6 protein chains.
Amino acid sequence: MTRVDGRSTGDLRPVKITRGWLDHAEGSVLVEFGRTRVLCAASVTEGVPRWRRDSGQGWVTAEYAMLPRATNTRNDRESVKGRIGGRTHEISRLIGRSIRAVIDYKALGENTIVLDCDVLQADGGTRTAAITGAYVALADAVAYLETKKALRGQALKDTVAAISVGVVDGEALLDLCYEEDVRAETDMNVVMTGDGRFVEVQGTAEGEPFDRKDLDALLELAGAGCAELAQFQRDALARTL
Amino acid sequence: MTRVDGRSTGDLRPVKITRGWLDHAEGSVLVEFGRTRVLCAASVTEGVPRWRRDSGQGWVTAEYAMLPRATNTRNDRESVKGRIGGRTHEISRLIGRSIRAVIDYKALGENTIVLDCDVLQADGGTRTAAITGAYVALADAVAYLETKKALRGQALKDTVAAISVGVVDGEALLDLCYEEDVRAETDMNVVMTGDGRFVEVQGTAEGEPFDRKDLDALLELAGAGCAELAQFQRDALARTL
Amino acid sequence: MTRVDGRSTGDLRPVKITRGWLDHAEGSVLVEFGRTRVLCAASVTEGVPRWRRDSGQGWVTAEYAMLPRATNTRNDRESVKGRIGGRTHEISRLIGRSIRAVIDYKALGENTIVLDCDVLQADGGTRTAAITGAYVALADAVAYLETKKALRGQALKDTVAAISVGVVDGEALLDLCYEEDVRAETDMNVVMTGDGRFVEVQGTAEGEPFDRKDLDALLELAGAGCAELAQFQRDALARTL
Amino acid sequence: MTRVDGRSTGDLRPVKITRGWLDHAEGSVLVEFGRTRVLCAASVTEGVPRWRRDSGQGWVTAEYAMLPRATNTRNDRESVKGRIGGRTHEISRLIGRSIRAVIDYKALGENTIVLDCDVLQADGGTRTAAITGAYVALADAVAYLETKKALRGQALKDTVAAISVGVVDGEALLDLCYEEDVRAETDMNVVMTGDGRFVEVQGTAEGEPFDRKDLDALLELAGAGCAELAQFQRDALARTL
Amino acid sequence: MTRVDGRSTGDLRPVKITRGWLDHAEGSVLVEFGRTRVLCAASVTEGVPRWRRDSGQGWVTAEYAMLPRATNTRNDRESVKGRIGGRTHEISRLIGRSIRAVIDYKALGENTIVLDCDVLQADGGTRTAAITGAYVALADAVAYLETKKALRGQALKDTVAAISVGVVDGEALLDLCYEEDVRAETDMNVVMTGDGRFVEVQGTAEGEPFDRKDLDALLELAGAGCAELAQFQRDALARTL
Amino acid sequence: MTRVDGRSTGDLRPVKITRGWLDHAEGSVLVEFGRTRVLCAASVTEGVPRWRRDSGQGWVTAEYAMLPRATNTRNDRESVKGRIGGRTHEISRLIGRSIRAVIDYKALGENTIVLDCDVLQADGGTRTAAITGAYVALADAVAYLETKKALRGQALKDTVAAISVGVVDGEALLDLCYEEDVRAETDMNVVMTGDGRFVEVQGTAEGEPFDRKDLDALLELAGAGCAELAQFQRDALARTL
């Protein structure tokens, strides 16, 4: 089977990770999964939210949003509507949990890092691109703290990346573009650490319920995809900023 | 290993499904998983939202909320705060997707069913209890439409139920109560149809990332739990209202 | 004249007060006036709002809300609408004033009690049922504080209960159900202490203005009704929890 | 007993009703009860809200608000806070009900009148001044409709006015100013038609509960006060605009 | 050319500045530019916002709003809509900047003055009337602080006033009324100090873009108008309150 | 005088206009004024807002926003705060007016174009960069409509561009960067058409009021700057997309 963009079932789209895209942020990455383009900015502030003060531990959180014309047709701004939608909430929470899975709060000290993931253009997989890019921005922000001698050890326990997988026309595919995503019978987002363990597994039957065999096939594809992404992350971080 | 409430690893808490708890709603259920108590009301209205008009197809949606003192300490009302939190949004969406997985929209005709799941008391597993109860309320609402001759066929394709599973102290457990939930290293919610297929799988590493072996153990427990719940649902629906 | 449910003009509907309906709340009551069913939870917290600090006095407040399908047709959630309606505001304030009328703030000490009154099912008289039930939940919360040795005297000065009265087809009736309420020419809610004095009198002409004779007849009915309710409250509190 | 401003117990403060205070509104009144100053504007629009269309009947509604520096210390604007407070909601609803009590909807035809009551300066009794002034603005708006031949009969069934009464230091007083209001043990607002019947009676125990004797004394005072106000309204409307 | 109200091109409408219109506010002015009528209240509070604490400097801010029936047809309240519109925001900010231009923050000491400008009736030029009136209310509030010995010098560096100018049918006009404003090709608001310097110049092409010659003509008219207004301000402040 | 970045007083920062930055939008531009970087997307929809229907005329509007980490320190999202700030409102309105100045609504036909200007990085002059870039995105959207044969003539009457000017240390400067902007005594934004006429002139005294001589110097600088920008716009549009 050939996919709409010529890939085979287990291929990622072209991945591009551009560090230092912004001048002000302590870490910033423009991450591209094909035409999906997400700007990830890591902002460091001294201190932690009130509920965590005097714990000696840091905090990391994330916010996800989409520009109104990231998509095929324009969406109204959530700021204009005066409320954040359920999807936005859900993805912001997912990114936050994913990123926190590799943080050693004690080593981070009482510092806060906020990861802003803004989708400039969307073509499927925005949340997985966001997690993958946010990790790299986070790593740069942590490096910044290190140069400031503000850490108490190794604040990152591992890398973390994410990929979407799905069943389209009965076939398990890696890294769905928008056109595939809308046709998928089953849709799954998998977040994994660099050592191949799971942080999040979120599978949803869009049409028919799926069985254990489907699930196994998807998890296998995702494992390979996340390993590839981890390599992209390491390569990006190895380049001089 | 003995659990805090004396159960063994694969035991559900006592499950109680009371149909017809409300006088006005077309379907209503008080569902109890141990001390977790959720009131599920199904409201039928003729017609569908604007974007679905003249499609000949129905619509089903869900809203989840918690009374302020459902929990150990009081939470502020979302109506008073003027905004719905991310967790509420996320669970409402999950219930909606789960329930829609067993609906035949064409058979439903241009009717809308709203499922309100209000947590009266929370002790872990409120979203899974809500899905399990909502299905029964939905079935009663569908039966109501049938007596009104408003259906065009069999609107329910299967039953649907949900259960939480998690790893606590290295052990996979079924149907976590609150005390277990806060201690869980991995937490997973699984939604399955009566024929044993998956509708949703949402696994999250709360502490350490989890590996494939953990995942398999959790899915197995969940499969058995959902099968048991499906039986409770069938028994409840077999009773005269 | 016989009423829609067979009562005579001065009859209350069947009243049922179930204490301890929730496991977490310091006081909780499911109160039923016929088919009207309100869950009242009293939450105790140490300390008082900022404006009352270091006064040596406590604070009591109340919030009223209705589940979306408490009524005949479903109402949108105020949390979803993002704002609280005028009716909800008005009733929350009424319950708070009513309850505060029997509180000795000094004896209460710097503690706060919040009374959440959530209407699970509505058939007229939800605000009067809420006040009547909230008092009992309050009494249990005060008893809880007493066992904690957190009081500085007798925090409750009296009991307080409320009932609706109205003129329907020219006849003064006690405790209107929904069907009577919508037909009432005059509608009045009366809140009284156990010693027979008034805390609130709120009479409204729904159709024709009313004269002094109507007012007198309604106040007399209400006085008898509140006295009966006070006995129900005492009986409920006399039972072992 | 002499009151803070030298009045005797049954005296109104100086009442001033200035018609035509605005150039655009179909009816407008600046009403003054002593230092309390409320601007009442009646706006006429053809047509009625959707839920009332094709009923042949009109609609009347009211909104109450206070300028930020109407009071002794500045209050934040509700527009800035993004939500309307409970007190504002409650008073808007009271004014609306009061005014609607004297409207013949059929005679009004499918026209809507909105009464905006904005408190420019507050010294107690703002809601009663608002009702009293709003009636006069309403009468001018009705007269405007009459000149447009847009009525189907006599749209006003009677006049309506309101006054506050209260018990201060054990004495029943008419028309409380702010200083008296904060000291009142019992506080009551009474809305009456020109023929001396009741539209609303809202009595509240601010300190001790009150008994039937207090209630009777307050109602008597209020009756005389409303009669006096009705005369002020008739006099104002008799003047050439 | 004769204007709609008979003025010549460089004429102001009748200007009336009534000080002390409110009893509670530390400064208050009813300012009238023809039929435009704005109530300006200056509220003094000790202390400054958090971000300015311990700076030894004061703070002045402004809020602008319009009553719903200030205009020809009724506008919905921003408090009811739950959000402040762009126009309101913009004008509030303009008034604040204009007034702050003449404040010596050090002389003001750590005191805050809020200027509330509420448009009671609108006939064009509400923002310029608001600035002109707000200055006078401010001066009275500063005088109040002086009598309290709360200043550390001369807190007002100059007077400040504002006027609108515009090109209508090719002719530059001073102080546009509403009817002229809607027909203007170019519309400009100019804020000037008593010594004839500019604080704000805001010119907008409503139809055709304007050229430098138009701009010069408008600035000249505005300069003369502001000088006249400064004299009105001085006269008003010279009168005994 | 040498400026912080080595420019002379009348120099623009390096200007870069990249068309077609997005794949979905009908027109899109990444515009850079030095380190200020704004993404402008033009979205075309058939039809116009309700109030303009059946007029035969089109509509153009704009929305401005800033990513949270566009600036030196992170700003909270307006979507999270639930309300749009005054500055955002003001700039959105300014961009809309500026762009509409060159639109021929009749030639546009009943089509709507929304211009989204999202600041990815801010270093002063974001609103002027936004207007300058938005014009180019608009031109591409108009060209798109032309290829669709959806226009009724020449929809663009001229080009439009904007630049900031200001007085810093007594010297008039063109195109202020952030560091200059915060030190400016006078700050002015000027919007001009390609033929050298004014669309908007907004000058503000940040410190001392400014006199006519300052104003003239600033307008002259701005005129030259806008002419240069118009050339950049023409060059960009001359390139093949």
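# How the chains of this predicted model meet

Q: What makes the pair Glu200(C) and Arg97(C) a salt bridge?
A: This is a predicted model. In it, the side chains of Glu200(C) and Arg97(C) meet at 2.5 Å, N to O. The cut-off is 4 Å, so the pair counts as a salt bridge.

Q: Why does the pair Glu200(C) and Arg97(C) tie together separate parts of chain C?
A: Glu200(C) is in strand 9, residues 198-205. Arg97(C) is in helix 2, residues 86-100. Over all chains, the whole structure holds 138 salt bridges.

Q: How do you know that chain A and chain F are in contact?
A: Contact needs heavy atoms within 4.5 Å. By that rule, 35 residues of chain A are in contact with 35 residues of chain F.

Q: What area is buried between chain A and chain F, and which residues of chain A lose the most?
A: The buried area is about 3100 Å². Carbon and sulfur atoms give 50% of that area. On the side of chain A, His24(A), Arg69(A) and Arg77(A) lose the most area to chain F. Together they make up 25% of what that side buries.

Q: Why is the meeting of Arg69(A) and Glu26(F) called a salt bridge?
A: Their side chains come to 2.6 Å, N to O. That is within 4 Å, so the name applies. Between chain A and chain F the count is 12 salt bridges. There are also 22 residue pairs in polar contact, both at pLDDT 80 or more.

Q: Which elements of chain A each supply at least two residues to the side that touches chain F?
A: They are strand 3 (36-46), strand 4 (59-66), helix 1 (78-81) and strand 5 (111-121). By class, this side of chain A has 17 nonpolar, 7 polar and 11 charged residues.

Q: How do you know that chain B and chain A meet?
A: The contact takes 27 residues from chain B and 27 residues from chain A. About 2600 Å² is buried between them.

Q: What makes Glu208(B) and Arg197(A) a salt bridge?
A: The N to O value is 3.3 Å. The limit is 4 Å, so this pair passes. Chain B and chain A share 6 salt bridges. Their interface also has 17 residue pairs in polar contact, both at pLDDT 80 or more.

Q: Which element gives the largest share of the side of chain B that touches chain A?
A: Strand 9 of chain B does, with 8 residues. This side of chain B divides into 9 nonpolar, 7 polar and 11 charged residues.

Q: What makes the "binding site" residues of chain A a cluster in space?
A: UniProt, in an unreviewed entry, lists Arg87(A), Gly125(A), Thr126(A) and Arg127(A). They are spread over 41 residues of sequence, but the largest C-alpha distance is 13.5 Å. Arg87(A) lies in helix 2 (residues 86-100) of chain A.

Q: How confident is the predictor in chain A?
A: The average pLDDT of chain A is 97. The scale runs from 0 to 100. In chain A, 100% of the residues score at least 70. The model scores ipTM 0.95 and pTM 0.93.

Technical notes. Residues are numbered from 1 along each chain as its sequence is written. Chains are lettered from A and ligands numbered from 1 in the order in which they are written. Side-chain values use heavy atoms; hydrogens and water are left out. Buried area is the accessible area (1.4 Å probe) that two parts lose on being put together, summed over both. A polar contact is a pair of N or O atoms within 3.5 Å; within protein, one must be able to donate a hydrogen and the other to accept it, and residues adjacent in sequence count only if both atoms are side-chain atoms. Helices (H or I, at least four residues) and strands (E, at least two) are DSSP runs, numbered from the N terminus. Ala, Val, Leu, Ile, Met, Phe, Trp, Tyr, Cys and Pro count as nonpolar, Asp, Glu, Lys and Arg as charged, and the others, Gly among them, as polar. UniProt positions are given in the numbering used here, feature names are shortened, and annotations may be inferred rather than shown by experiment.
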